[in-house]
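Visitor: Could you take me through a close look at a single part of this model? I would like to see how it begins, what it touches, and how another part compares in kind of detail.

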Amino acid sequence: MKTLKILILVLLIQANLFGQQPPKREMRAAWISTVDNIDWPSKPGLSDKAMKAEMITILDNLRSYNLNTVIFQIRPTADAYYKSTKEPASHWITGTQGVAPGFDPLQLMIDEAGKRGMSVHVWLNPYRVQKDTTKDVLAKTHLYFKKPELFLTYGKTRYFNPGYKETRDFVASVVGEIVRNYDIQAIHMDDYFYPYRIAGQEFPDELAFAKEPRQFKDKDDWRRDNVDLIIKQIRDTIIANKPEVEFGISPFGVWRNIAKDSEGSNTTAGATNYDDLYANVLKWQKENWIDYVTPQIYWHIGFDRANFEVLTKWWAKHKYGTNVYVGHGVYKLSKTAKEPEWRSPDQIVKQIEMVRSLPLLDGSMYFTANNFLKKGDTLRKPLIEKEYKYIALTPEANRITRIIPQPPINATIAKSGDKGLLTWKAGLNNKKYVIYRFAKGKITDFSSSENIYYVTTATKLEIPNANFDKYIYAITALSTTQTESIPIQF
């Protein structure tokens with residue numbers, strides 16, 4: 001076994017290839033939505049066996065597209081898709097809140113995604129408690145029945161009151177428990193901070209404003225500060241428990257319209273993060289409170305009120321040291337879509353190419369996972385044959401201190417005809433492994449995604465058509481920060 005030499009020539013090749021083929025590092029993620037059983041499980045009350053099979057089908061399907069990350073919704077309404085001491089199991093799993101399945105959904109997701117080389121970001125909604133208060137779904141053990149003063153109702157939905165410090169402390173404690181107990185890459189929150197406005201109804205937080213106004217006279221500024229405080233507290237909680245875990249936000253696609261703020265985008269969106277959801281995302285980026293931002297740019301290229309091209313360029317310009325991944329509305333694809341731009345997968349292909357043309361952007365996330373299965377016939381060909389033809393590794397976060405992995409050890413090959421079994425043992429700080437395959441006699445270019453054969457958390461890999469006369473194999477390790485080791489040859 002010998003260490004492969006990485007030549008300066010590799011860097012030159014990488015520079016020449018940039019823009020000509022898919023990059024080696026690029027976020028390719030899909031949200032797995034559990035609220036209302038959108039993606040998983042398909043309905044409440046399935047057997048454990050059926051739920052596990054559905055999860056594996058989703059992961060196999062996403063892996064077949066060469067996606068590398070899942071964003072798994074584990075707390076859609078102050079409930080749990082994991083083992084929690086703070087909140088009851090979700091009613092969307094078994095049909096009854098507080099009744100858990102016979103397995104841990106998050107741990108299964110981590111284990112099965114890892115086998116397929118995929119990272120897991122866990123997706124939490126900070127404030128939403130009950131989507132429809134006309135339905136009796138809350139378990140009697142829910143915090144709502146112990147501390148009803150922390151909650152309020154807006155429309156038909158029940159929320160934690162964002163104005164109270166006790167709310168922030170509780171949500172941060174939930175995050176802390178998850179980070180301590182699970183081997184995840186990131187905590188992820190979407191656009192649901194303060195809820196989207198309901199016409200003619202004011203969000204009923206006047207009691208909290210009167211009780212805990214801090215220094216504020218203007219309620220809108222106070223609301224933005226409430227969200228600022230919880231974001232900062234969650235950041236601090238993550239760092240205190242596992243500083244290598246990332247914190248990402250997926251906001252609504254428009255921060256502010258230019259008519260309201262000269263720093264805003266050239267858009268005329270009906271709602272914005274800053275003015276309607278009280279989410280001052282740019283502040284969180286500037287203050288180093290988040291590691292990545294994924295604006296939900298769910299509009300087509302050329303849309304007059306919120307043009308995808310305008311917004312991708314705006315978010316690239318407003319990076320402020322975070323990784324920026326673009327959120328794509330793949331759910332809109334339909335042969336009968338009202339907007340003709342969404343009747344063909346060409347829209348998604350063009351969006352991917354536009355994202356790649358902007359070097360300050362770091363990849364894509366797609367809403368939602370099941371759309372790759374349902375619309376596979378139209379999506380698969382353009383993605384697998386071109387845009388996602390090769391596997392890509394996830395980016396390293398700009399704000400996380402790198403954990404340097406040692407290379408794997410004891411790498412061996414067991415040959416049986418044209419079959420090969422690659423085995424190895426973990427070195428220090430090894431979490432995942434990247435297996436490379438090169439044609440014999442060719443320059444071993446570790447910078448090219450074309451040469452990545454597979455990624456996995458396992459310590460062995462069976463290759464059915466290894467073709468050892470033609471190919472050689474090598475392996476590297478990835479740490480929890482997605483940092484890659486030097487390679488070794490089998």
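**A helix start and its surroundings**

Guide: Let's begin at K219, which is in contact (heavy atoms within 4.5 Å) with E202, D205, E206 and F209, leaving aside its neighbours within four places in sequence. Before going on: this is a predicted model, where local features need pLDDT of at least 70 and side-chain atom pairs count only at pLDDT 80 or more, while totals for chains, interfaces and linings use all residues. Residues are numbered from 1 along each chain as its sequence is written, and side-chain values use heavy atoms, leaving out hydrogens and water.

The side chain of K219 also makes a polar contact with that of D205, at 3.4 Å. Such a contact is a pair of N or O atoms within 3.5 Å; within protein, one must be able to donate a hydrogen and the other to accept it, and residues adjacent in sequence count only if both atoms are side-chain atoms.

K219 sits in helix α8, where helices (H or I, at least four residues) and strands (E, at least two) are DSSP runs numbered from the N terminus. The N-terminal end of α8 is capped by D218, with a side-chain oxygen 3.0 Å from the backbone nitrogen of D220. Helix α8 covers residues 219–241, and its end C-alpha atoms are 33 Å apart, which agrees with the 33 Å that 23 residues should span at 1.5 Å a residue. The expected span is 1.5 Å times one less than the number of residues.

The loop between α7 (206–211) and α8 holds R214. Phi of R214 is near 55 degrees, a positive value in a residue other than glycine.

For a look at packing, turn to helix α12 (residues 346–356) and helix α14 (residues 376–387), whose axes come within 11 Å and cross at roughly 30 degrees. That makes α12 roughly parallel to α14; under 35 degrees counts as roughly parallel, over 145 as roughly antiparallel, 65 to 115 as roughly perpendicular and the rest as oblique. These axes are lines fitted to C-alpha atoms over the stretch in contact, and angles run from 0 to 180 degrees between N-to-C directions. In α12, V349, I352, E353 and R356 meet P382, L383, K386 and E387 of α14. By class, this contact has 4 nonpolar, no polar and 4 charged residues, with Ala, Val, Leu, Ile, Met, Phe, Trp, Tyr, Cys and Pro taken as nonpolar, Asp, Glu, Lys and Arg as charged, and the others, Gly among them, as polar.
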